[in-house]
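Open the model in your viewer and keep the selection tool handy.

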Amino acid sequence: MRLLTRARMQARRTPRAKRAADFDRAVAEFFMRLALEEAAKGLGRTSPNPVVGAVLVKGGRIIARGYHRRAGTAHAEVVALEAAGAKARGADLYTTLEPCDHYGRTPPCSQAVLDAGVRRVFTASSDPNPKVNGKGVARLRRAGVEVVTSVLKEEADKLNRPFFKAVSTGLPYVTLKAAVTLDGKLATATGDSRWVTGESARAWVHRLRDQVDVILVGATTVKKDNPQLTTRLAEGGGKDPVRVVVDSHLRLSPKLTVFTQRSPARTVVATLEDPTSRKAKRFAAVGTEVWQLPAKQGRVDLEALMRRLAKEGLNHVLVEGGAEMYGSFLRESLADELVLFVAPKLIGSEGLSWSGSLGVKQMARALTVGKLSFEQVGEDLLIRARLSEPK
């Protein structure tokens, strides 16, 4: 409330000729946080586009909000401008990503901002897309609109890591998610893993699934657990990501749940086998897409699979097992983030380690992680870490 009051007082006494450099950063950050909250509503739904939120403010009061709902629909700035109507003239626009300046599925947002008569624009992230990168800001400034950039840039960049990586590298952002015991075991010696973590942690994972584009698992995990790989939120309304099963030689049965369960999401099996083969046709018969990928050491080349997913417009991949799959992503430096739930349980040395073989023979060559964070989720500990910087 104090920041809102400050913003309203500032609006009353700020002359129209005041330069963009003369602004209250605390007030700007307050409204940009609201724009970030709007942007987060689109997580998992906008690929291959970024998530973007916008807030229009006039006289220290919010007059409209908007966010990008999905690719092909109006961008956040346009949603907010249309909601505000004539009130947008003379207002300040807070947007989490610089306005686009090209014709794609929708007209350029920079022109919409100019047409609406917005007085000043605050942006958070720059757009690395060559079609945009700085051009929207440049157009606004040429037209005399004040533009303030990099407000809460770090927070906004974090929200769009998958989009930024896909645009700059042609690879999706990859999150490894595992649930382990306190002694680092994924399952017992018999393969039993239900359940390592408690209900709160499992609910948290379903919320994560709702925000990603793809869930990927290996054939061994599907054979042992027969998972659904769907999003099941307590409040309902979740979105199922594209489900990808890596089965190099199509040894799984197409009758398993992941292939037969009804879901609006696509299901893909990534393999080395010819999609016209008899085995492949059995999967196609139940609605599963069969992708033939190049081989690497007798298995599906994971980097080739990642590039195929990015070309399909899928920016964020969540890898949920098993140990061999985790190990492959780590060895090949294809993973960006680790989400590790640690349960207060011990099952001993005979249990199955979660990371698979990394080929580390000297401690000096151990894989290191950075930017660690910790959070209690129910009875379990959530550890998050960055595994690599984008290539």
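What do the buried residues of α5 pack against? This is a predicted model, and the answer begins with α4 (109–116), joined by β4 (120–125) and β5 (146–148) as the other packing partners of those buried residues.

**Stop 1: the helix.** Select residues 135–142 to bring up α5, then highlight Gly136, Val137 and Leu140, which are buried. Because they cover an arc of only 100° around the axis, these residues sit on the same side of α5. Now step just past the end of α5 to Gly144, where phi is positive, at about 90°.

**Stop 2: an arginine.** Go back into α5 and pick Arg141. Buried or exposed, or in between? With 45% relative accessibility, Arg141 counts as partly exposed. Show its contacts beyond four places in sequence, and you will find Val147 and Thr149. A polar atom of the Arg141 side chain lies 3.1 Å from the backbone oxygen of Val147.

Stop 3: Next, colour the open sheet of 9 strands, in the order β11-β10-β9-β8-β14-β6-β15-β18-β17, with mixed pairing. β11 (289–292) and β17 (370–377) are the edges; each has a single partner strand, so one side of each lacks a neighbour in the sheet. From one strand to the next, the twist averages 20°.

Finally, zoom in on β15 (337–343) and β18 (380–386), which run antiparallel and are joined by 6 bridges. Select Val339 and look across to Arg384, its bridge partner in β18.

Key: Residues are numbered from 1 along each chain as its sequence is written. This is a predicted model: local features need pLDDT of at least 70, side-chain atom pairs count only at pLDDT 80 or more; totals for chains, interfaces and linings use all residues. Side-chain values use heavy atoms; hydrogens and water are left out. Buried means under 20% relative accessible area, exposed over 50%, partly exposed in between (1.4 Å probe, protein chains only). Helices (H or I, at least four residues) and strands (E, at least two) are DSSP runs, numbered from the N terminus. The arc is that of the directions from the helix axis to the C-beta atoms. Contact means heavy atoms within 4.5 Å. Two strands pair if DSSP finds at least two bridges between them. Axes are lines fitted to C-alpha atoms, for helices over the stretch in contact, and angles run from 0 to 180 degrees between N-to-C directions. A polar contact is a pair of N or O atoms within 3.5 Å; within protein, one must be able to donate a hydrogen and the other to accept it, and residues adjacent in sequence count only if both atoms are side-chain atoms.
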